[in-house]
Amino acid sequence: MRIETLLFKEIVILPELFLGLSLVYLVLHCTFLAVKKKNLLIQDSVLYLGVLVLFLSCVLVMNDCLDVLELSFLNDTIVNDYVSFSSKIVIGSLSLFCLLMMQPYLAGQKINQFEYILLILFAVLGLFLLCSSNDLLTAYLAIELQSLAFYVLASFKKTSTYSVDAGIKYFIMGAFSSSLFLFGSSLLYGVTGTINFEEFRDLLINVYPGSTINTTLPDISFFDVGLIKFGLIFILISLLFKLAIAPFHTWAPDVYEGSPSASTFFFAVVPKLAIFVLLLRIFYYSFFGFFESWRYFIVISVILSVIVGSFGGLEQRKLKSLLVYSSISHMGYALIAFSAGTLESVQMLFCYLVVYSFSGLCVWSIFLLTRVKNNSLQKQNKDLTDLVLLGKSNYMLAIFFTTVLFSVAGFPPMIGFLVKISVFLTAIESSMYFIALLSILCSVIGTFYYIRLIKILYFEKVLVGKLYHPIKLQSSVLISLLFFLFLFLFINPTILYLFSYKFSLLLSLAV
Amino acid sequence: MIINILFYLFSGILLLSSLMVILVQNSIYSVLFLVLSFISSAGILFLLKCEFLALMFIVIYVGAIAVLFLFVVMMLDVKTVSSKKDTLKYFPFGALIGGVFLTEILMVVGETFKSNPYENTFLGNFHFNWYERMDTFTEIQAIGQVVYTEYVLQFLIAGNVLLLATIAAVVLTLNTGVDSDKKQVIFRQLSRTYKNVLIV
């Protein structure tokens, strides 16, 4: 093996290096400023510095020259292909929007510590590394980096008992799932003697879906195959924990409700794509030969999460927990595409995740922007009735919200419908008729709670609606941009399809 | 020669202190003897040229775990109960377990060191490795060479995780002058009586 050190020619991790270095500088800057004067409010300036840093690292990502001949760097621990490239751009732009949208909320809730922004930047660094990691060790470290930031973000409001409770719950569940990941990886290392995804693929080249494993070969035995399957299940379970998919979702409603809304916004929207990229790398790139064994478990969690997501949301009276159940069912739909195992399914998975993330961005921004006046308790959560007659008090915002909700629910003219139907089509193409039927029925049931929200926005029988704080110019420009993005995607979905097609092709190039 | 003497010294301390851990009545003394046994086993590891492992023993076991034990023992306020009369009762069982472990260790040692040519001499471990004198580096050097070249990115990420953990600890514990509701009001604490306490 050629041993490489960190040279400047390793320009591939330049965005990550830049982000990490500027994080260190930001820490120093903020600490000296905070020492100079007591209780100086530097939240806003740090937020804009963070936005600048994120924007610059996004530019660096875009300027990456994708070298097709040589994809992996730093002793094959980092891979820089179109998958990591496009997912990094999506994650970067999502977190930019997140940072800009949460500014009025942070000011309103008096979360004045500058560390909040730094923690978000740390999480973004972890997600970037997770997207381009090419071995289990780097992936584990990146997961730890992002989830450690998330635990603190969840428990950031120290004066609120709910927030502390959410932080501890998130920490315990996260630590548990990380330990499962480590156990699975140690089993894989014990059997194969490597942790690199590419070497896994080269080692198991004889194993393909439908093949009877030839146990007469000296290098692979029946026992080894069983142990690999066992380890894969552990890794799968730990990543499903991180995604909050149905049998492992029980922490999600508590954590999402308890933590400050800005944190919930961040970890409901941003990290899902990165974890799906890791899932793709492990299960499609390295261990596609064991497709039949791991698909079984994924299908079970698909069914459970679609059912839980659509029936659990029916009873919710809080907007946050409704959104949690909605996200559980959406992750279930994304997992349908994941379990189909064809090229189109990977393409549709990426499409679905991008549309899910941007619509989540829109919904959560509206959640943060409608700050009710006379909210004496300064409560973080919102009842559904807090949005009553938004159609009269803020006409445009209500229209935006309605459009996005229609898209999330999957009504025909919107982009949400297009990606949803293509996910179901991939399921039908790979003969998963029962699952397609069940999830279509459940999605009809799930539509109820989106429609109920729209009914509350427009047609509630009360005389007076709520009064809201005015929305800043910056936030309103951003939210209109998001809305027009939705309209544009509905008029011209080809651009998304082209990007995702390239995404799926380069992943399958290696197979 | 000096290495052998040091080896017997450290192993003697180790045996004695680990015996004292279970024999001493006061639990704080017992934890301190545990620390002593960790340190002496670190010394033995140093003599066996496992410097990294020895330093890890001192940093992790002594620095973190034993001090944690010490805090727990000091907080729990365990009453000292004289257990002398139970010694005879538990002796056969303990002796059985100890005997089993002793035979296991003796068997392993017998299997492994069969071909040791210095077996019958007193200075059994004293031999001279010319290769080591000429071209060698220590274990820590070897680990450092791997970490700083092959796994440099992972090393940097681990450093970032530690920085994040430090920032997180500061954020979660620093009280920035804001009145939190979890403050203890001593007057209210002292003026509580049995009657006005809500019993659930």
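Visitor: Is A:Asp202 buried, partly exposed or exposed, and what is its relative accessible area?

Guide: This is a predicted model, and in it A:Asp202 is partly exposed, with a relative accessible area of 45%. The cut-off for exposed is over 50% and for buried under 20%, so A:Asp202 at 45% is placed in between.

Visitor: With which residue does A:Asp202 form a salt bridge?

Guide: The general idea is that side chains of opposite charge can pair when their charged atoms come close. Here A:Asp202 pairs with A:Arg201, and the closest N and O atoms are 3.8 Å apart. A:Arg201 is buried, at a relative accessible area of 16%, while A:Asp202 is partly exposed.

Visitor: How many salt bridges are found over all chains?

Guide: Six, in a search of the whole structure. One of the pairs is A:Lys455 with A:Glu460, where the closest N and O atoms are 3.9 Å apart. Both partners count as partly exposed: A:Lys455 has 41% relative accessibility, and A:Glu460 has 27%.

Visitor: Which parts of chain A does the pair A:Lys169 and A:Asp254 tie together?

Guide: The side chains of A:Lys169 and A:Asp254 form a salt bridge, at 3.0 Å from N to O. A:Lys169 belongs to helix H7 (residues 161–192) of chain A and A:Asp254 to helix H10 (residues 251–258) of chain A, so the bridge ties together parts that are 85 residues apart in sequence. A:Lys169 is partly exposed at 30% relative accessibility, and A:Asp254 is partly exposed at 37%. The two residues also belong to a network of salt bridges that links them with A:Asp165.

Visitor: Now the nonpolar core. Which residues touch the most other members?

Guide: In soluble globular proteins, nonpolar side chains tend to be buried together. In this model the largest nonpolar core has 195 residues, and those touching the most other members are A:Tyr116, A:Phe276, A:Ile282 and A:Phe338. Helix H15 (residues 343–369) of chain A gives the largest share of this core, 19 residues.

Visitor: What does A:Ile282 touch, leaving out residues up to four places away in sequence?

Guide: Its partners are A:Leu136, A:Phe197, A:Leu232, A:Ile235, A:Leu239 and A:Phe287.

Visitor: And A:Ser238: buried or exposed?

Guide: A:Ser238 has a relative accessible area of 2%, so it is buried. The residue is part of helix H9 (residues 222–243) of chain A. Beyond residues up to four places away in sequence, A:Ser238 touches A:Ser177, A:Leu180 and A:Phe181.

Visitor: Where is A:Leu437, and how far is A:Leu437 from A:Ala427 in space?

Guide: A:Leu437 is in helix H19 (residues 433–458) of chain A. A:Leu437 counts as exposed, at 52% relative accessibility.

Visitor: What is the pattern of chain B along its sequence?

Guide: Chain B reads α-α-α-α-α-α-α-α, with eight helices and zero strands. Of its 200 residues, 17% count as buried. Among contacts in chain B with a separation of 6 or more, 60% come from residues 24 or more positions apart. Chain B exposes about 16000 Å², of which carbon and sulfur atoms supply 72%.

Visitor: Which residues of chain B make the nonpolar surface patch?

Guide: The patch of about 510 Å² is made by B:Ile2, B:Ile3, B:Leu6, B:Leu9, B:Ile13 and B:Leu36. Helix H1 (residues 2–23) of chain B supplies the largest share, five residues. B:Ile2 is in that helix and is exposed, with a relative accessible area of 61%.

Visitor: How much area is buried between chain B and chain A?

Guide: The size of an interface is often given as the accessible area lost when the parts come together. Between chain B and chain A that area is about 2500 Å², with carbon and sulfur atoms giving 75% of it. In terms of contacts, 23 residues of chain B meet 33 residues of chain A.

Visitor: How many salt bridges does the rule find across this interface?

Guide: Across the interface of chain B and chain A, zero.

Conventions. Residues numbered from 1 in each chain as written. Chains lettered and ligands numbered in written order. Predicted model: local features only at pLDDT ≥ 70, side-chain atom pairs only at ≥ 80, totals over all residues. Heavy atoms only, no water. Core = buried A, V, L, I, M, F, W, Y, C linked by side-chain atoms within 4.5 Å. Buried < 20%, exposed > 50% of the residue type's maximum accessible area, 1.4 Å probe, protein only. Helix = DSSP H or I, 4+ residues; strand = E, 2+ residues; numbered from the N terminus. Contact = heavy atoms within 4.5 Å. Patch = residues over 30% accessible without salt bridge, like charges linked within 9 Å, V, L, I, M, F, W, Y side chains within 5 Å. Areas by Shrake-Rupley, 256 points an atom, 1.4 Å probe, with all protein chains shown as cover. Salt bridge = Lys/Arg side-chain N within 4 Å of Asp/Glu carboxyl O. Buried area = accessible area lost by both parts, 1.4 Å probe.
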